[in-house]
Amino acid sequence: MSRPSGDVVQGLVTTIIPVHDRADLLEEAVGSVIAQSYRPIEIVIVDDGSTDGTGLAADEIESAHPGVVRVLHVPNGGPGLAREAGRRVARGEFIQYLDSDDVLLPEKFERQVAALLADPGAGVCYGITRYVDEEGKGGDRPTRRTGERIEWMFPSFLVDRWWATSTALFRRSVTDAVGPWTGLRNEEDWEYDCRVAALGTRLCYVPHFVSEVRGHAGERLSRSGSTDPDKLRDRAAAHALILGHARRAGIRADSEEMRHFAKELFLLARQCGAAGLAAEARHLHGLAMEASDGGPRRNLDVRIYGWVARVVGWERAGRMALEMDRQRPGRWRA
């Protein structure tokens, strides 16, 4: 669901912050938006069914910044559905998604809005994101590939989600076109960005630090993603959707990026099998077979694994394969 174009406020940047049980971090995240050198701005905090004092903290922030901050309280549905609740009420011409444990740097909006206005054909602007650990180290270098100038999201996003949620600033026209966030709780951000990529979205770049991802000991949904069955189910669903987006974008099966993703599908199939998710393992193995064009050796390995799994079962085959990975790293991914 998208808002009618008449409701969009030209020049306004809407920041959408989903939050669950992070009252201690939320104020700093919001503060980094308030501190932007750019105006006009609005902030939509989506309290995703918090069970501590986060909802009250969000309401207090709203009271302290009337007309700028709006709070939505929704049942816990995960970050994707929380972002979607915020997207449906956003009024900005530009959309910023921000995780509640990260921060924006003061000139982010000023630089990125200017870059998008100067380049009408670009749908998303990104800059450099830095990672800072719990001791405050690491902030002098780009994280992932945010220090590189890349013009198109695909095919590079098929290899890795090489930016953080805080890195990009979207045109509203792009977030309207891409549609709603899914209810996935893991890799929902990667799937969303690959959907944006499948639109043929061109990027523009500002060679400056624009945001900061912070390391902390608190809960992160991405942790234990290779062993937790619930997280693996979501990752399996996200990978299947991402493959579909890549195909619609015309990424060839013999491209380096698709070959890489086929290996990732195969690895995830083994992880799902080892976790007892036979249906997901079988499905991902089939997708890996379809996506793979990595030469006789790799295709044969994938086929042999399928034969073994059908004989001994997908769970046992997954456990056997992961044990072989530990003993002989790269055996299944050569």
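Axes here are lines fitted to C-alpha atoms, for helices over the stretch in contact, and angles run from 0 to 180 degrees between N-to-C directions. The model is predicted, so that local features need pLDDT of at least 70 and side-chain atom pairs count only at pLDDT 80 or more, while totals for chains, interfaces and linings use all residues. Residues are numbered from 1 along each chain as its sequence is written, and side-chain values use heavy atoms, with hydrogens and water left out.

**H9 and H12**
- Helix H9 (residues 256-274) packs against helix H12 (residues 314-327) at an angle of about 120°, the axes being 7 Å apart, where helices are DSSP runs (H or I, at least four residues) numbered from the N terminus.
- That angle makes H9 oblique to H12, oblique being what remains after roughly parallel (under 35 degrees), roughly antiparallel (over 145) and roughly perpendicular (65 to 115).
- Their crossing is left-handed, meaning that the near helix is turned anticlockwise from the far one by less than a right angle.
- The contact (heavy atoms within 4.5 Å) involves residues including Leu267, Arg270 and Gln271 of H9 and Trp314, Glu315 and Asp325 of H12.
- By class, this contact of H9 with H12 has five nonpolar, three polar and four charged residues, with Ala, Val, Leu, Ile, Met, Phe, Trp, Tyr, Cys and Pro counted as nonpolar, Asp, Glu, Lys and Arg as charged, and the others, Gly among them, as polar.

**H8 and H9**
- Helix H8 (residues 229-248) packs with H9 at about 155°, with axes 11 Å apart, and the two are therefore roughly antiparallel.
- H8 passes H9 in a left-handed crossing.
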